[in-house]
Amino acid sequence: MGDPAGIGPETVVKMFMRRPGQHRWIAVGDPGVFGRALRLLDCPAPLSSISAPEDAQAGRLNVLKTSHVAEAPPFGRVSAACGQAAYDAIAAAVELAQSGRVAGIVTAPINKEALAAASVAYPGHTEMLAELSGSPRVAMMLANDEIRTVLVTVHCSLMQAIRSADFPAQMTAIRLAHQGTQALGVPRPRIAVAGLNPHAGEGGLFGDEEERIIRPAVRAACAEGMDVSGPWPGDTVFMQARDGRFDVVVAQYHDQGLIPLKYLGLARGVNITLGLPFIRTSPDHGTAFDIAGRGIADSSSLETAFDYAVKLWENQDVHHG
């Protein structure tokens with residue numbers, strides 16, 4: 001569901017309206033919130049509040065109830081009630097995925113301030129999903145139809161990112177980039193690792209992290225049989241990937257990897273969490289409080305995230321359902 005005060009429920013309903021024939025997915029969250037979204041969009045489709053995925057019916061918006069907000073929360077406002085409702089939906093979805101009762105999870109956007117107001121101490125979906133599923137090594141992959149990137153560090157300050165981008169973190173990101181790109185149908189991914197400093201350190205003139213940490217990780221990954229190169233300058237490596245030289249870029253910190261993806265268009269970008277025991281994707285945008293409740297939110301990124309989840313499921317050796 002995402003945050004009830006954001007555009008998540010609206011985009012879920014829009015996807016339901018645009019894809020009436022796809023009834024094998026369910027919405028997880030608050031039936032009242034989804035009912036409001038149906039009314040907002042003047043959608044006559046019937047809503048079913050269900051308690052188990054197996055109860056889903058074709059032709060209806062099936063909502064697995066995880067919360068009940070007494071009064072519809074105001075659109076575009078941070079509240080503890082919304083943060084708690086968003087968290088409850090995620091926790092329920094994780095439990096369903098781990099038990100094999102659903103094939104994967106597509107998460108609508110959450111609001112970090114609302115989570116904090118509800119005393120939910122996670123900086124984002126990635127960290128939350130990792131802890132709820134007991135996954136010690138995860139990474140964020142962002143993808144569109146032109147480039148893919150996997151992040152060494154995620155939601156932390158730039159100073160903390162520099163401290164955290166050590167050798168083990170490099171190896172985790174490279175290995176997960178290899179596995180994640182294979183899961184998207186590339187048998188032997190060509191992986192480029194971006195440098196941390198300008199010009200990838202310029203031979204040590206602008207910092208020694210490339211020679212001290214990143215290059216040894218690249219060599220170690222090659223020794224494991226992966227096709228890895230770098231460190232490459234962060235300001236040009238994504239252009240090379242877009243031109244077809246690389247299948248995935250390992251970026252050192254959040255903005256280094258996300259700015260190129262988001263520049264190409266939010267509607268096309270998808271967030272994939274690697275290292276979880278189940279499939280998880282999400283749209284590459286936030287709760288958009290500024291337009292929530294106006295009926296103008298674009299569901300394209302959510303639908304692309306859904307399509308990526310299906311693709312990942314279809315590429316698995318063993319299908320879960």
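How many helices and strands does the protein have? The protein has 11 helices and 11 strands; helices (H or I, at least four residues) and strands (E, at least two) are DSSP runs, numbered from the N terminus.

This is a predicted model, in which local features need pLDDT of at least 70 and side-chain atom pairs count only at pLDDT 80 or more, while totals for chains, interfaces and linings use all residues. Residues are numbered from 1 along each chain as its sequence is written, and side-chain values use heavy atoms, with hydrogens and water left out.

**Figure 1. The whole protein.** The C-alpha trace spans about 60 × 40 × 35 Å along its principal axes. The radius of gyration of the protein is 20 Å, which agrees with the value near 20 Å for a compact globule of 321 residues; this radius is taken over C-alpha atoms, and the globule rule is 2.2 Å times the number of residues to the power 0.38. Of the 321 residues, 53% count as buried, where buried means under 20% relative accessible area, exposed over 50%, and partly exposed in between (1.4 Å probe, protein chains only). Among contacts between residues at least 6 apart in sequence, 72% join residues at least 24 apart; contact means heavy atoms within 4.5 Å.

**Figure 2. Helix 1 against helix 2.** Two packed helices are described by the angle between their axes and the distance between the axes. Here the axes of helix 1 (residues 8-18) and helix 2 (residues 31-40) come within 9 Å and cross at roughly 65°. Axes are lines fitted to C-alpha atoms, for helices over the stretch in contact, and angles run from 0 to 180 degrees between N-to-C directions. Helix 1 contributes Pro9, Glu10, Val12 and Val13 to the contact, and these meet Val33, Phe34, Ala37, Leu38 and Leu40 in helix 2. The residues of this contact divide into 8 nonpolar, no polar and 1 charged. In this count Ala, Val, Leu, Ile, Met, Phe, Trp, Tyr, Cys and Pro are nonpolar, Asp, Glu, Lys and Arg are charged, and the others, Gly among them, are polar.

Figure 3. Strand 2 pairs with strand 3 (residues 61-65) over 4 bridges in the parallel sense, and Leu47 stands opposite Leu61 in strand 3.

**Figure 4. Strand 9 and its partners.** In strand 9 (residues 248-251), Val248 and Val250 point one way, Val249 and Ala251 point the other way, and all are buried. Strand 9 pairs in the parallel sense with strand 6 (residues 148-151) over 3 bridges. Across this pairing, Thr149 stands opposite Val249, and Leu151 stands opposite Ala251. Another 3 bridges join strand 9 to strand 7 (residues 190-194), and these two strands run parallel. Here Val193 stands opposite Val250.

**Figure 5. The hairpin of strands 5 and 6.** There are 4 residues between strand 5 and strand 6 in this hairpin. The two strands run antiparallel, and 3 bridges join strand 5 (residues 139-143) to strand 6. Ala143 stands opposite Arg148 in strand 6. Arg148 and Val150 point one way from strand 6, Thr149 and Leu151 point the other way, and all are buried.

**Figure 6. Helix 5 and its surroundings.** The buried residues of helix 5 (residues 125-133) are His125, Thr126, Met128, Leu129, Ala130 and Ser133. They pack against helix 3 (80-98), helix 4 (112-117), strand 5, strand 10 (270-274) and strand 11. Just after helix 5, Gly134 takes a positive phi of about 65°.

**Figure 7. Backbone details.** Ser119, in the loop between helix 4 and helix 5, has a positive phi near 60° in a residue other than glycine. At 66% relative accessibility, Ser119 counts as exposed. Phi of His199 is also positive, near 60°; His199 is found in the loop between strand 7 and helix 8 (209-223). At 43% relative accessibility, His199 counts as partly exposed. A cis peptide bond, with omega about 5°, joins Gly230 and Pro231, and Pro231 is found in strand 8 (residues 227-232).

Note on methods:
Two strands pair if DSSP finds at least two bridges between them.
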